[in-house]
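Work through the exercises below with the model open. Try each task before reading its solution.

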Amino acid sequence: MNIATMKVHGDDDGLADIRDGLPTEPDSDWQKGDVKPDGRVRIDSGFYVAIGADMNPDELLKQLRHYLAECQARGIHFERSDVAAELRISFTTERGEATPSLDFTLADLKLFVDMGINLSIIA
């Protein structure tokens with residue numbers, strides 16, 4: 001399954017502003033000072049929000065574009081000094097199977113820049 005999630009972290013006030021306007025509720029969150037599974041202490045608060053999941057990379061891109069368009073229409077952007085956002089896209093493949101490709105358009109990449117979203121792709 002190909003999955004797109006967003007990690008948003010930063011100051012509590014900035015996170016609250018963003019969280020209130022999101023089209024969906026976050027899947028999980030953490031608070032500054034919480035202990036990570038590896039024993040380290042979190043230096044800020046944050047949350048993860050699921051954006052889409054699909055075996056077909058083109059369908060995943062459609063879900064991603066729809067979600068970000070909805071965020072943009074709601075006035076949400078992550079180009080702020082008090083928060084950071086990272087779009088995480090992961091691919092799952094069977095051994096010996098070709099890794100699928102995502103074909104981002106220039107408009108997609110511009111939207112990431114305009115909204116202040118970092119991109120991480122994992123196969």
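**Exercise 1.** In which kind of crossing, left-handed or right-handed, does α2 pass α3?

Solution. The model is a predicted one. Start by finding the two helices: α2 covers residues 57-73 and α3 covers residues 106-115. Their axes come within 12 Å and cross at roughly 35 degrees. The crossing of α2 past α3 is left-handed.

**Exercise 2.** Which residues make the contact of α2 with α3, and how do they divide by class?

Solution. On α2, take L64, R65, L68, C71 and Q72. On α3, take D108, L111, F112 and M115. Sorted by class, the contact has six nonpolar, one polar and two charged residues.

**Exercise 3.** Describe the largest pocket by its volume and its lining.

Solution. The largest pocket holds about 170 Å³ of space. Its lining consists of K7, H9, W30, K36, R40, V41, R42, I43, D44 and Y48. By class, this lining has five charged, four nonpolar and one polar residue.

**Exercise 4.** How many aromatic pairs does a search of the whole structure find, and what do W30 and Y48 form?

Solution. The search finds two aromatic pairs. One of them joins W30 and Y48, with 5.3 Å centre to centre and 50 degrees between the planes. An angle under 30 degrees would count as stacked and one over 60 as edge-to-face, so the pair is tilted. W30 belongs to strand β2 and Y48 to strand β3, so the pair ties together parts that are 18 residues apart in sequence.

How values were computed:
Residues numbered from 1 in each chain as written. Predicted model: local features only at pLDDT ≥ 70, side-chain atom pairs only at ≥ 80, totals over all residues. Heavy atoms only, no water. Axes fitted to C-alpha atoms, helices over the stretch in contact; angles between N-to-C directions. Helix = DSSP H or I, 4+ residues; strand = E, 2+ residues; numbered from the N terminus. Left-handed = near helix turned anticlockwise from the far one by under 90°. Contact = heavy atoms within 4.5 Å. Nonpolar A, V, L, I, M, F, W, Y, C, P; charged D, E, K, R; others polar. 1 Å grid on protein atoms, 1.4 Å probe; cavity = no way out; pocket = protein on both sides within 12 Å on 5 of 7 lines; lining within 4 Å. Points joined across faces, edges and corners; volume = space filled by probe spheres on them. Phe/Tyr/Trp six-rings, centres within 6.5 Å; stacked < 30°, edge-to-face > 60°.
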